[in-house]
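Colleague: I would like to go through some of the labels used for this model. Please give the value and the cut-off each time.

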Amino acid sequence: MNLKKTILLAVVILLLDQWSKIFIKTHFTYQEEIEVFSWFKIFFIENRGAAWGTQLSDFLPISERSAKFGLTLFRLFAIVGIAIWGYRSALKKAPSLLLIAIALVFSGALGNIIDSVFYGRLFTVSTPYSVATFAWDSSIGGYDNFFYGRVVDMLYFPLIDTTWPDWVPFLGSKPLRFFQPVFNIADSAISVGVFILLAFNKRVFPN
């Protein structure tokens, strides 16, 4: 796999990710849900922080906005490092599996960075009662400044969606859901890329 094919794979994933996010953002109200199968739903939410909705302000004594800005800057530095790694690996004719993994991680990270950096300015706010529009079509403007956008998530796989049996201590009659996180194509690409690096470590790093 050469550099051109690596870039092409990353571009295709990035376009799919952004198309799905823009479509959901401009066609769904916030938290609107469509059941595709009993175990798969399209469920629109927005993520202010990192993976699974965590935020730096949950662990550090800083404000949510400072944490959001810091996280976006970190992502920007990280994406540059990943791009350099992929470029050098392609020039050295690294194993195709490694280049695929790098393309997946790079495109996924870049997809979420675009949300964080630009979506606050590009779109009006999504609410449970109104669908967002492009900010240039509205007199209201975007819902926030650059670097403070929210990541659009929509893929929800409630493989188990029931309640705990009454006889289970402390949990009886409470909701039992698996898999509960809502994510997007970018998250999926990152997860698959990292899985390849870990599961096929000897093949991607033969030396």
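Colleague: Why is Phe147 called partly exposed?

Modeller: The relative accessible area of Phe147 is 24%. Buried means under 20%, exposed over 50%, and partly exposed in between, using a 1.4 Å probe and protein chains only. Phe147 is therefore partly exposed, at 24%. Keep in mind that this is a predicted model, in which local features need pLDDT of at least 70, side-chain atom pairs count only at pLDDT 80 or more, and totals for chains, interfaces and linings use all residues. Residues are numbered from 1 along each chain as its sequence is written, and side-chain values use heavy atoms, with hydrogens and water left out.

Colleague: What makes the backbone of Phe147 worth a note, and where is Phe147 found?

Modeller: Phe147 is not a glycine, yet its phi is positive, at about 75 degrees. Phe147 sits in the loop between helix 3 and strand 3 (151–156). Helices (H or I, at least four residues) and strands (E, at least two) are DSSP runs, numbered from the N terminus.

Colleague: Why does Phe170 count as exposed?

Modeller: Phe170 has 77% relative accessibility, so it counts as exposed. Phe170 also has a positive phi, about 70 degrees, without being a glycine. Its place is the loop between strand 4 (160–163) and strand 5.

Colleague: What joins Phe178 and Phe179?

Modeller: A cis peptide bond, with omega at about 10 degrees. Phe179 belongs to the loop between strand 5 (175–178) and strand 6 (182–183).

Colleague: Why is Ser89 called buried?

Modeller: Its relative accessible area is 8%, so Ser89 is buried. Ser89 is part of helix 2. Neighbours within four places in sequence aside, Ser89 is in contact (heavy atoms within 4.5 Å) with Ala94, Leu98, Leu99 and Ile102. Across the protein, buried residues make up 39% of the 207 residues.

Colleague: How do helix 1 and helix 3 pack?

Modeller: Helix 1 (residues 3–27) and helix 3 (residues 96–122) pack at about 35 degrees, with axes 8 Å apart. Axes are lines fitted to C-alpha atoms, for helices over the stretch in contact, and angles run from 0 to 180 degrees between N-to-C directions. The residues making the contact include Leu9, Ile13 and Asp17 of helix 1 and Leu99, Ala103 and Phe106 of helix 3. By class, this contact has 13 nonpolar, 5 polar and 3 charged residues. Ala, Val, Leu, Ile, Met, Phe, Trp, Tyr, Cys and Pro count as nonpolar, Asp, Glu, Lys and Arg as charged, and the others, Gly among them, as polar.

Colleague: Which residues line the second largest pocket?

Modeller: Among them are Leu3, Thr6, Ile82, Tyr87, Ile102 and Phe106. A pocket is an open set of points on a 1 Å grid over the protein atoms alone, where a 1.4 Å probe fits, with protein on both sides within 12 Å along at least five of seven lines; lining residues have an atom within 4 Å of a point. Helix 1, helix 2 (64–91) and helix 3 each give two or more residues to this lining, and helix 1 gives the largest share, 5 residues. The lining has 10 nonpolar, 2 polar and no charged residues.

Colleague: How many helices and strands does the protein have?

Modeller: There are 5 helices and 6 strands, in the order α-β-β-α-α-β-β-β-β-α-α.
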